[in-house]
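This report describes selected features of one protein model. Please examine the sequence and the structure shown below before reading on.

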Amino acid sequence: MRRFPSAVALMSLVALGGCATLLASKSKEISLTTEPAGAEVLVNGNRVGLTPMRLKVEHGKSHTITFRKAGHRDMSCELTAKTGAGWVILDVLTGLVPIIIDAATGDWKQVKGDGCSVTLTPGS
């Protein structure tokens, strides 16, 4: 019977916070690859390394990944942050406060996709 107090405590936390704010991860690791390898990787305009690589990105906002390599055209891909329906449903079931908190913090939004893989084309 010890589970009942724990469940009540968890529901109280969720009611005072947002489901996504309390339970969702704040970032995810993605894979970035190019053919040919060794391309410079820019995330939202900031250099982060060379391909192939794994990178941790923040949930809550979209990210533009740009690949650059001498003698090749730049290529980009977009990792979009979308609102997870499951978080919204959980918040609706637990009350108005969680809806307000998760909507205000953007914690409903999760980056979709596991990364970017592109083939760079010769050119300038």
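Four strands form an open sheet in the order β3-β2-β5-β6, with antiparallel pairing. Strands here are DSSP runs (E, at least two residues), numbered from the N terminus, and two strands pair if DSSP finds at least two bridges between them. Because β3 (46–50) and β6 (75–79) stand at the edges with a single partner strand each, one side of each is left without a neighbour in the sheet. On average, neighbouring strands of this sheet are turned by 25 degrees against each other, direction ignored; the axes are lines fitted to C-alpha atoms, and angles run from 0 to 180 degrees between N-to-C directions.

The model is predicted, and local features need pLDDT of at least 70, while side-chain atom pairs count only at pLDDT 80 or more and totals for chains, interfaces and linings use all residues. Residues are numbered from 1 along each chain as its sequence is written, and side-chain values use heavy atoms, with hydrogens and water left out.

Strands β2 (residues 40–43) and β5 (residues 63–68) run antiparallel and are joined by 4 bridges. Glu40 stands opposite Arg68 in β5.

Two cis peptide bonds are listed below.

| Residues joined | Omega | Position of the proline |
|---|---|---|
| Glu35 and Pro36 | about 0 degrees | Pro36: loop between β1 (27–35) and β2 |
| Thr51 and Pro52 | about -5 degrees | Pro52: loop between β3 and β4 (53–58) |

The loop between β2 and β3 contains Asn44. Phi of Asn44 is near 55 degrees, a positive value in a residue other than glycine. Asn44 counts as partly exposed because its relative accessibility is 39%; buried means under 20% relative accessible area, exposed over 50%, and partly exposed in between (1.4 Å probe, protein chains only).
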